[in-house]
Amino acid sequence: MTLDIAAIRSATSWLRRRLRASEAVLILLAVAIGGGAGLLSVVQGAIARTIQHLLFGLPIGQRLSATPAIPVLVLVALPVGGLALVLFSWATKARNRHMVDAVEANALHGGRMSWSDSLVISGQTIISNGFGASVGLEAAYAQLGGVIASIAGGWFRLRRADLRILVGAGTGAAIAGAFGAPLAGAFYAFEIVIGAYTPAAIAPVAAASLSGVLVAQAFGAEPYLVDAMVSEQVQTHHYLIYAGLGAVAAGVGILLMRAVADVEALTRRLPIRTTWRPVVGGALLVPLAWLTPQVLSAGHGALHLDLAFAVPLTFLAAIFIIKCAASVVSLGFGFRGGLFFASLFLGSLLGQLYAGGLAWIAGQPLVDAQNAALVGMAALAVAVVGGPMTMAMLVLEATHDFSLAGATIAAALVSSTIVRETFGYSFSTWRLHLRGETIKSARDIGWVRTLTAGQMMRRVERATPADISVTEFRRLFPLGSTSRIVLVDGAEHYAGIVQTASAFAEAVVASEPIGTLAINRQETLAPDADITTVMAAFDAAGADEMAVVTGDGTVLGVLSESYVRRRYADELDKAQRELFGEA
């Protein structure tokens, strides 16, 4: 038995070394993780659909949002779902801890994720979607795909850069498996979870996405991908028309994200406990779902239905408004999920409305309504979720038409640019911003957070009293002994910095207190200030050195601008070398 354990440890150690040294072995691990992510997507989707079929009495193969009508008594499942979510969150103590998703994990924590928190997020999302709330399952898919990659990478002790790539590969594979779209899944990993296209990430991410799709299809998963045909050849001037659609989608996306935040803030002021908000939200969804079941769940069935039949513009406009309201209520009142597929559905409606509106103004069709629906689908999803190439590849894999994919890229880039310039966040990073974070993408800024003033400073063991005379100061610190001295007042609080050479100037009165020569008395650094905050403080103060001081005025150390900028350049260079596989 001892020999077996020793052999296992030896084999494990060898495999860990190979993973760190060999890209091929890392790709094989990504393939295994991609397969696992695809399987988990199938399982989660099956659980949510089973709940829907049992609660709403759906026939086999019927999507909830494609149901013609649902009796009001059956719609009681919505507030009951809110209660189920409350009980699940209470049982798992979800409200008492901060749970990290894949984007935040890659941006701040080097890809490290918690399996227990990820299971809670998945459970909350499945309950929310399964009971009919207007949210998608994509957040749950990405969460479990990312966490199995994070656990595997942690077990093999991968480098930070490799772990981030593996987490991206796992989330991309989960999305690819759900949509049956390996290209879209791969670009999802690059643009939304890793935050960059890098040579080191291409092979593992692509291999994982393909593996996720193959495994999902092997288990009979029905892909979310829209099966659509291009009915009109895209002309050059259509690019300008679709660019306008991208601009409209950007505005709608920003309004939608802000509306979720505003409703969420409003619910905190209601005379009910925060934990009970989903029950109220479920009750508010009942009249919306009674008007049209198309607002329920993510909207897969409704999207296919509205694309397949010639639906009047007034009906499409009504569905668009009610679906927006349902999504805002669902997320604002505490249901768990995302706007990934909801934004695709809303974008398809927006595209048809845009094409119809232009035809009404011009007196004739300017672009095909179905083409506009597909372009709008991508443009609004880009505004909300991000990832212009992700959504363009989704359209390409749905239509196999490169000319429409080109028009989609144009609209997506317009939408993405406007959102970045005027708003600056995707839906996931916007919610992190509301919580106090400053993350705008999944780019690795965790190393920035670890470089604080307290860690970089040169510690001051004993500061010099500011009330000693210049003569005494000259005796204690002769020229050449040190360049700067930190001063404190009688209460041992920071009183400024003295440049040693200034005390030896001819015009200085030797009997005066040395404190009269102090500079930077108000400009200090907090010990927990990160390196970017420190550099901004140096720029604002115009100082060469600044003291690191606690909130009560106690001096901890001193930090020079030259050292901070050199340290930043070194760490940035190191991060980039790791990112591009040169370390």
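Visitor: How much of the protein is buried, and what does buried mean here?

Guide: Buried means under 20% relative accessible area, exposed means over 50%, and partly exposed is in between, using a 1.4 Å probe and protein chains only. Of the 583 residues of the protein, 55% count as buried. This is a predicted model, in which local features need pLDDT of at least 70 and side-chain atom pairs count only at pLDDT 80 or more, while totals for chains, interfaces and linings use all residues. Residues are numbered from 1 along each chain as its sequence is written, and side-chain values use heavy atoms, with hydrogens and water left out.

Visitor: How many helices and strands are there in the protein?

Guide: Helices (H or I, at least four residues) and strands (E, at least two) are DSSP runs, numbered from the N terminus. The protein has 23 helices and 7 strands.

Visitor: What share of the contacts with a separation of 6 or more comes from residues 24 or more positions apart?

Guide: Contact means heavy atoms within 4.5 Å. For the protein, that share is 75%.

Visitor: Let's take a helix. How far does α14 reach from its first C-alpha to its last?

Guide: The expected span of a helix is 1.5 Å times one less than its number of residues. Helix α14 (residues 340–362) has 23 residues and reaches 33 Å, close to the 33 Å expected. Of these 23 residues, 17 are buried, so α14 is largely enclosed by the rest of the structure. After α14 comes G363, with a positive phi near 85 degrees.

Visitor: And which residues are buried in α3?

Guide: They are A77, L78, P79, G81, G82, L85, V86 and S89. The buried residues of α3 pack against α2 (23–56), α5 (115–130) and α11 (277–291). Helix α3 covers residues 77–91 and reaches 20 Å, close to the 21 Å expected for its 15 residues. K93 follows α3 and has a positive phi, near 55 degrees.

Visitor: Is S150 buried or exposed?

Guide: S150 has 6% relative accessibility, so S150 counts as buried. S150 is found in helix α6 (residues 138–155). Not counting residues up to four places away in sequence, S150 touches G111, R112, M113, L163 and V167.

Visitor: Which residues touch the most other members of the largest nonpolar core?

Guide: A nonpolar core is a set of buried Ala, Val, Leu, Ile, Met, Phe, Trp, Tyr and Cys residues joined through side-chain atoms within 4.5 Å. In the largest one, of 132 residues, F179 and L344 touch the most other members. Helix α15 (residues 369–385) gives the most to this core, with 13 residues. Domain 1 (5–219) and domain 2 (236–443) both contribute residues, so the core lies between them; the domain bounds come from an automatic or database domain assignment. Leaving out residues up to four places away in sequence, L344 touches F179, L303, M377, A381, M391 and L394. Apart from this core lies another, of 15 residues, among them A453, I531, M535 and A543.

Visitor: Now the sheets. What is the strand order in the open sheet of 4 strands?

Guide: Strands of a sheet pair through backbone hydrogen bonds, either parallel or antiparallel. Two strands pair if DSSP finds at least two bridges between them. The order here is β1-β7-β6-β5, with mixed pairing. The edge strands, β1 (458–459) and β5 (524–525), each pair on one side only. Strands β6 (residues 545–549) and β7 (residues 555–560) are antiparallel over 5 bridges, with V548 opposite G557 in β7. β5 and β6 pair in the parallel sense over 2 bridges, and T524 stands opposite A547 in β6. β6 is mostly covered, with 5 of its 5 residues buried.

Visitor: Which helix lies across β5, β6 and β7?

Guide: Helix α22 (residues 531–541) does, running at about 125 degrees to β6. Axes are lines fitted to C-alpha atoms, for helices over the stretch in contact, and angles run from 0 to 180 degrees between N-to-C directions.

Visitor: Where does M457 lie?

Guide: M457 is in the loop between α20 (453–456) and β1. At 11% relative accessibility, M457 counts as buried. M457 touches V548, L556, G557, V558 and L559, not counting residues up to four places away in sequence. M457 and P527 are 70 residues apart in sequence and 8.6 Å apart in space, C-alpha to C-alpha.
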